Amino acid sequence: IKGIILIIILLVVYIYVVSIQAIPDNIVIFEGENIGLRTIFGLKADLVDNKKVIETLSNSQSKVINDTGKKNVKLSLFENIFVKDVTVDVLPKTTVIPVGSVAGIKLYTSGVLVVGMSEIEGIDNKKYKPYENTGIEEGDTIISINNENIATTEDLVNNVNLSEGKSIKVGYKHNEKAQECSITPIQTSNNEYKLGLWVRDSEAGVGTVSFYEPSTQSFGALGHGITDIDTEQLIDISSGEFVTTKILNIVKGESGNPGRIQGTIDNQKNIGTIYKNTKFGVYGKVDNISSLTLSSANEMEVALRDEIKVGKAKIMCSTENGKIEEYEIEIEKIYKENNYNNKSMLIKITDERLLEKTGGIIQGMSGSPIIQNGKFIGAVTHVLVNNPTEGYGVFGDIMIKEMKSVN
């Protein structure tokens, strides 16, 4: 019996520890939005100003905030045991101009990304794996050699060759944590020195611009992050460019085979600079506003998720050069509590014109703005592979919060 009681006590403690750790240290909301802290029995939440309790939140820990600025919520267990402080950033309601134009993306990694490994044949015709037992894995980023910063593949090659076969100190990031190891490069028959690592320092692709935010001249696009094609991990970028693209072809989607927009980014105009690649989209500053088809008459408010309803809506996207059109969709499900990934809404393409052109949602349409009742509610993010007429969209408020947090 004592053993069972001990196990129950430990289980309860574990549940409380996990629940408390799951509460973020910082929450970003819009004015008029509910804080909506998810807590458990016995955890008290007090809205505090200058260490003075203004209000104790309800049992559901919900509170609508109508004034902007930073707020502080103090969490305590059974009123006496202090647990943690939560900072709440209350943003003013935002207006944006939905865009919907297809654009080219160029990303440059922060350091060089390891995308593969292979044996090296040395000058003695023996096989070597210099990377073995160093801790470096696919998806890691090499950031320095002997304390010299590495920005490009060329930097890496030059620094490795300078070693002349002597052990070098390699700085790299693994799961966003800085690490260091030593590697001895292998001399090849071409009198070059190699580590046996395949690396990449840039990526390019095509996507859709979701919105332009006039007050900061910022843009959001894609609604999801850009991952490396080999490692499938989010690319840690140092910089990036958004450029116009020329649509060359539309490949229609069909069950089991998503379609795509094929375009070229060669010899195109600059749109702006990308400063962040996140799981909720790509964000940057517009440098050449004339490269986007914008009308201030289309400026609209970003909807709070409580305003989004199941039913009819529309998306804006481009399937022809220089032409952006609106198409009807149906919002089938809304996942209001989802703040963790970009699958906020289940949507279905219902417009026969778009179905005729694309078969549904296709690659390159990610980022297409979703409009309902005159408000920007989100952007297209994914297609259901087995049914390309359906897919997901991310909430607009998440994209704006992500953009504001990186500004």
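A residue counts as buried when its relative accessible area is under 20%. With that cut-off in hand, phenylalanine 219 is buried, because its relative accessibility is 0%. Please keep in mind that this is a predicted model.

**Aromatic pairs**

How many aromatic pairs does the structure hold? There are 2 aromatic pairs. A pair of aromatic rings is described by the distance of the centres and the angle of the planes. Here are both values for each pair:

| Pair | Centre to centre | Angle between planes | Arrangement |
|---|---|---|---|
| Phenylalanine 211 and phenylalanine 376 | 5.5 Å | 65° | edge-to-face |
| Phenylalanine 219 and phenylalanine 242 | 4.9 Å | 5° | stacked |

Phenylalanine 211 is buried, with a relative accessible area of 0%, and phenylalanine 376 is buried at 0% relative accessibility.

Phenylalanine 219 sits in strand S19 (residues 218-221) and phenylalanine 242 in strand S20 (residues 237-244), so the parts tied together here are 23 residues apart in sequence. Phenylalanine 242 counts as buried, with 0% relative accessibility.

**Cysteines**

What about disulfides? A disulfide needs two cysteine sulfur atoms within 2.5 Å, and by this rule the count is 0 disulfides. Is cysteine 181 buried or exposed? Cysteine 181 is buried, because its relative accessible area is 9%. Cysteine 317 is buried as well, at 1% relative accessibility.

Conventions:
Residues are numbered from 1 along each chain as its sequence is written. This is a predicted model: local features need pLDDT of at least 70, side-chain atom pairs count only at pLDDT 80 or more; totals for chains, interfaces and linings use all residues. Side-chain values use heavy atoms; hydrogens and water are left out. Buried means under 20% relative accessible area, exposed over 50%, partly exposed in between (1.4 Å probe, protein chains only). Rings of Phe, Tyr and Trp (its six-membered ring) pair if their centres lie within 6.5 Å; planes under 30 degrees apart count as stacked, over 60 as edge-to-face and the rest as tilted. Helices (H or I, at least four residues) and strands (E, at least two) are DSSP runs, numbered from the N terminus.
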